[in-house]
Amino acid sequence: MSDEFEYNKLCICTNLRGGDILPSCGKVGSKELADALEQGLKDMKLPYEFQRLHCMGKCHLGPTMRLSPGGPFIMGAKLSDVAHILNLLKDGNFDQLAQEFPLKESA
Ligand code: FES
């Protein structure tokens with residue numbers, strides 16, 4: 001892994017809760033998003049681990065991603081956002097990534 005960036009891992013939830021009945025990341029395209037991001041990271045040889053997780057507790061707000069260790073959530077990305085996200089990761093532009101795909105939890 002690279003020492004260049006403060007985050008070296010991208011986690012994404014691909015959970016399909018309740019067999020597609022309950023709100024979940026899998027229900028809003030996270031599996032396809034994960035496939036595209038994983039392939040893009042490989043193709044661009046970006047220095048990030050990639051991990052699919054079962055749930056990060058933001059099921060109704062997803063697809064849920066998070067930079068690790070301890071980074072911001074990256075929420076609601078679509079397949080059409082993959083190239084842009086990969087470019088932001090390439091540049092280590094984590095603040096912009098978090099601003100463009102914010103966690104908007106209801107109070
Ligand atoms: S189903 Fe993705 S955060 Fe829970």
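Two strands are taken as paired if DSSP finds at least two bridges between them, and strands (E, at least two residues) and helices (H or I, at least four) are DSSP runs numbered from the N terminus. The structure is a predicted model, in which local features need pLDDT of at least 70 and side-chain atom pairs count only at pLDDT 80 or more, whereas totals for chains, interfaces and linings use all residues. Residues are numbered from 1 along each chain as its sequence is written, and side-chain values use heavy atoms, with hydrogens and water left out.

**View 1. An open sheet of four strands.** The strands follow the order E2-E1-E3-E4, and their pairing is mixed. Strand E2 (49-53) and strand E4 (73-75) stand at the edges with a single partner strand each, so one side of each is left without a neighbour in the sheet. Neighbouring strands are turned by 25° against each other on average, direction ignored; axes here are lines fitted to C-alpha atoms, for helices over the stretch in contact, and angles run from 0 to 180 degrees between N-to-C directions. Helix H1 (residues 30-43) lies across E1, E2 and strand E3 (64-68), running at about 165° to E2, where contact means heavy atoms within 4.5 Å.

**View 2. Strand E1 and its pairing with E2.** E1 and E2 pair in the parallel sense over five bridges; in E2, Gln-51 is the bridge partner of Cys-11 and Arg-52 that of Ile-12. Five of the five residues of E1 are buried, a class that means under 20% relative accessible area, with exposed being over 50% and partly exposed in between (1.4 Å probe, protein chains only). In a regular strand the side chains alternate between the two faces of the sheet. Both faces of E1 are covered, with Lys-9, Cys-11 and Cys-13 buried on one side and Leu-10 and Ile-12 buried on the other.

**View 3. Cysteines without a disulfide.** With a disulfide defined as a pair of cysteine sulfur atoms within 2.5 Å, the count comes to zero. The sulfur of Cys-11 is 11 Å from the closest cysteine sulfur, that of Cys-13, which is too far for a bond. Cys-11 is buried at a relative accessible area of 8%, and Cys-59 is buried at 15%.

**View 4. Aromatic pairs around Phe-94.** Rings of Phe, Tyr and Trp (its six-membered ring) pair if their centres lie within 6.5 Å, and planes under 30 degrees apart count as stacked, over 60 as edge-to-face and the rest as tilted. A search of the whole structure finds four aromatic pairs. In one of them, the ring centres of Phe-5 and Phe-94 are 5.7 Å apart and the planes stand at 90°, so the pair is edge-to-face. Phe-5 lies in the segment before strand E1 (9-13) and Phe-94 in helix H3 (residues 94-100), so the pair ties together parts that are 89 residues apart in sequence. Phe-5 and Phe-94 are both buried. The rings of Tyr-7 and Phe-94, with centres 5.0 Å apart and planes at 75°, are also edge-to-face. Phe-5, Tyr-7, Tyr-48 and Phe-94 form one aromatic cluster.

**View 5. Backbone geometry in the loops.** Most residues other than glycine have a negative phi, and most peptide bonds are trans. The peptide bond from Gly-62 to Pro-63 is cis, with omega near 5°, and Pro-63 is placed in the loop between E2 and E3. Lys-45, in the loop between H1 and E2, has a positive phi of about 55° although it is not a glycine.
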